[in-house]
Amino acid sequence: MLSQTGECAIKAVLELARSDPEDWVGARALASRLGMSPSYLAKIMQTLAHEGVLDSHRGNRGGFRLARSATRISLLDVVAPFDDLTPG
């Protein structure tokens, strides 16, 4: 079973996959699209950036985008930083 954070991470990555791969999407704009708290989503996005799933850029034109093609990002890449998926 996935945590709420894991589910939010999946939704955010899917939304970024729908965006232009060259565009930086701000956490606040993404949170608005997904109906999530901006601060909660920003923490999730920072974790995914630290794990190499996302690229992040600070500043007025900053935000997040996928670090590699969506076809090269697995569900495990997105969920593992938040949920222990080992059996037992």
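Which glycine follows H2, and is its phi positive or negative?

Guide: Glycine 35 comes after H2, and its phi is positive, near 70°. Before we go further, please keep in mind that this is a predicted model, where local features need pLDDT of at least 70 and side-chain atom pairs count only at pLDDT 80 or more, while totals for chains, interfaces and linings use all residues. Residues are numbered from 1 along each chain as its sequence is written, and side-chain values use heavy atoms, with hydrogens and water left out.

Glycine 35 sits in the loop between H2 and H3. Helices (H or I, at least four residues) and strands (E, at least two) are DSSP runs, numbered from the N terminus. With a relative accessibility of 67%, glycine 35 counts as exposed; the cut-offs are under 20% relative accessible area for buried, over 50% for exposed and partly exposed in between (1.4 Å probe, protein chains only). Between glycine 35 and glycine 52 lie 17 residues of sequence separation and 25 Å of space, C-alpha to C-alpha.

Now step back into H2 itself, which covers residues 27-34. Its buried residues are Ala27, Leu30 and Ala31. Looking down the axis of H2, you would find these within an arc of 100° (taken from the directions from the helix axis to the C-beta atoms), so they line one face of the helix. Arg28 and Ser32 are exposed on the other side of H2. The cover over the buried residues of H2 includes H1, H3 and S2.

Let us take H1 next, the helix at residues 4-18. H1 and H2 pack at an angle of about 105°, and their axes are 11 Å apart. Axes here are lines fitted to C-alpha atoms, for helices over the stretch in contact, and angles run from 0 to 180 degrees between N-to-C directions. From H1, Lys11, Ala12, Glu15 and Leu16 meet Leu30, Arg33 and Leu34 of H2, contact meaning heavy atoms within 4.5 Å. The list of buried residues in H1 is Gly6, Cys8, Ala9, Ile10, Ala12, Val13, Glu15 and Leu16. Among the elements covering them are H2, H3, S1, S2 and H4.

H1 also meets H3: their axes come within 10 Å and cross at roughly 75°. On the H1 side, Gln4, Thr5, Cys8, Ala9, Ala12, Val13 and Leu16 make this contact, and on the H3 side Tyr40, Leu41, Ile44, Met45 and Leu48 do.

Follow H3 along residues 38-50 and you will find Leu41, Ile44, Met45, Leu48 and Ala49 buried. They lie on the same side of H3, because they cover an arc of only 140° around the axis. The exposed residues Lys43 and His50 are on the face of H3 turned away from that buried side. Packed against the buried residues of H3 are H1, H2, S1, S2 and H4.

These elements lead us to the largest nonpolar core, which has 23 residues; Leu16, Met45 and Leu54 have the most contacts inside it. Such a core is a set of buried Ala, Val, Leu, Ile, Met, Phe, Trp, Tyr and Cys residues joined through side-chain atoms within 4.5 Å. At least two residues of this core come from each of H1, H2, H3, S2 and H4. H1 gives the largest share, 6 residues. Leaving aside residues up to four places away in sequence, leucine 54 touches Leu16, Met45, Leu48, Ala49, Phe64, Arg65, Leu66 and Ala67.

Aspartate 55 belongs to S1, which spans residues 54-57. Its relative accessibility is 31%, so aspartate 55 counts as partly exposed. Not counting residues up to four places away in sequence, aspartate 55 touches Trp24, Gly63, Phe64, Arg65, Leu66 and Ala67. From aspartate 55 to methionine 45 is 10 residues in sequence and 9.2 Å in space, C-alpha to C-alpha.

Arginine 61 is 36 residues from valine 25 in sequence, with 8.6 Å between their C-alpha atoms.

Technical notes. Expected span 1.5 Å × (residues − 1).
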